[in-house]
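Please look through the entry below before reading the notes. The points are numbered so that they can be taken up one at a time.

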Amino acid sequence: RTGEDMEDLEATAVRGSLRFMPSEDLDVILSADYTRRRGSGRYVDMSFSFPNEGSTEGRNDAFINPDRRRGPISGPPGGPSGSGRSEVDDAGLTLHVNWQSSIGKLTSITAYRDSELLGSENSAGTYFDWDNTFPFETPNEDVPDDFYFQIKSEEVKQFSQEFRFSSQWDGPLQFTGGVAIWQDHRTLGDRNNITFCAPYGRVGA
């Protein structure tokens, strides 16, 4: 057994800012943040196995940990037959500038963010020994009926720039206007390892 708790989570976050005011008319604030999360992935039983001949227990019982908060009975904790994992790395940087003039205030906001997410899940709760399994030769009791492992990832890079002007004229009429751009680049990954071991036994869902 892996000995790892399931669905645990460790999170670390830091955030800070620097302010620079060279004059009463200029105010500059630089802010940064970073978040790191690590956890083990959950697993659920999406299928049930028919019992072996002469037995009342499903054939997958030998490969599923009776403690539902732990991973398969054997197998690497982070591999394609393991317990799964959940990872997040997120960092951002923002530059905020305000300039005060005699006719109004000009604001510039520049921001950048980089995020990476990775999640893997053992959706059948079983362990499959790929290196020592041979179709039509491995005995039924040595492999589970089915194996289903999902791996999903996402990488996001974002950039934005905004300029805004707010008037401070004499009289009741004022004006606020600006322009903004936004760029967002995403890379998505989705991989599913699915094995229904028909050569070895029967499976029902």
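Leaving aside its neighbours within four places in sequence, which residues is tryptophan 130 in contact with? Point 6 returns to this with the answer.

1. Basis. This is a predicted model, in which local features need pLDDT of at least 70, side-chain atom pairs count only at pLDDT 80 or more, and totals for chains, interfaces and linings use all residues. Residues are numbered from 1 along each chain as its sequence is written, and side-chain values use heavy atoms, with hydrogens and water left out.

2. Confidence. The protein chain has a mean pLDDT of 82, and 77% of its residues reach 70 or more; pLDDT is the predictor's confidence in each residue, from 0 to 100. Among the elements of the chain, strand 4 has the highest mean pLDDT (95), while strand 8 (residues 203-204) has the lowest (42). Over residues 201-205 pLDDT stays under 50, and the model has 17 contacts beyond four places in sequence for them. Where pLDDT is low, the predicted coordinates should not be read in detail.

3. Overall make-up. The protein chain holds eight strands and zero helices. Both are DSSP runs numbered from the N terminus: helices are H or I with at least four residues, strands are E with at least two. Of the 205 residues in the chain, 32% are buried; buried means under 20% relative accessible area, exposed over 50%, and partly exposed in between, with a 1.4 Å probe and protein chains only. Contact means heavy atoms within 4.5 Å. Among the contacts with a separation of 6 or more, 72% are between residues 24 or more positions apart. The chain exposes about 13100 Å², and carbon and sulfur atoms supply 55% of that area. Accessible areas come from the Shrake-Rupley method with a 1.4 Å probe, and for residues only the protein chains shown count as cover.

4. Strand 4 and its partners. Strand 2 (residues 26-40) pairs with strand 4 in the antiparallel sense over 15 bridges; two strands pair if DSSP finds at least two bridges between them. Within this pairing, aspartate 89 in strand 4 is the bridge partner of arginine 36. Strand 4 and strand 5 (residues 104-122) also run antiparallel, joined by 16 bridges. A hairpin of three residues connects them, and glutamate 87 has leucine 118 in strand 5 as its bridge partner. On the surface, Leu18, Leu30, Leu93, Leu95 and Tyr112 form a nonpolar patch with about 450 Å² of accessible area together. Patches are made of residues with over 30% relative accessible area and no salt bridge, like charges being joined within 9 Å and nonpolar side chains (Val, Leu, Ile, Met, Phe, Trp, Tyr) within 5 Å. Leucine 93 lies in strand 4 (residues 85-100) and counts as partly exposed because its relative accessibility is 43%.

5. Salt bridges. The whole structure has 10 salt bridges, each a side-chain nitrogen of Lys or Arg within 4 Å of a carboxyl oxygen of Asp or Glu. Arginine 38 and aspartate 89 form one of them, at 3.0 Å from N to O. This pair links distant parts of the chain, with arginine 38 in strand 2 and aspartate 89 in strand 4, 51 residues apart. Aspartate 190 and lysine 152 also meet at 3.0 Å, N to O, in a salt bridge. Here aspartate 190 is in strand 7 (residues 176-196) and lysine 152 in strand 6 (residues 146-167), 38 residues apart. Aspartate 190 is exposed at 53% relative accessibility, whereas lysine 152 is partly exposed at 38%. In the salt bridge of glutamate 154 with arginine 186, the closest N and O atoms are 2.7 Å apart. Glutamate 154 in strand 6 and arginine 186 in strand 7 are 32 residues apart. Asp33, Asp90 and Arg113 are linked in a network of salt bridges.

6. The loop between strand 5 and strand 6. Tryptophan 130 is placed in this loop and is partly exposed, with a relative accessible area of 41%. Leaving aside neighbours within four places in sequence, tryptophan 130 is in contact with Ser81, Phe147 and Thr195. Serine 81 is 49 residues from tryptophan 130 in sequence, and 8.6 Å away in space, C-alpha to C-alpha. Serine 123 is found in the loop as well, and counts as buried because its relative accessibility is 0%.
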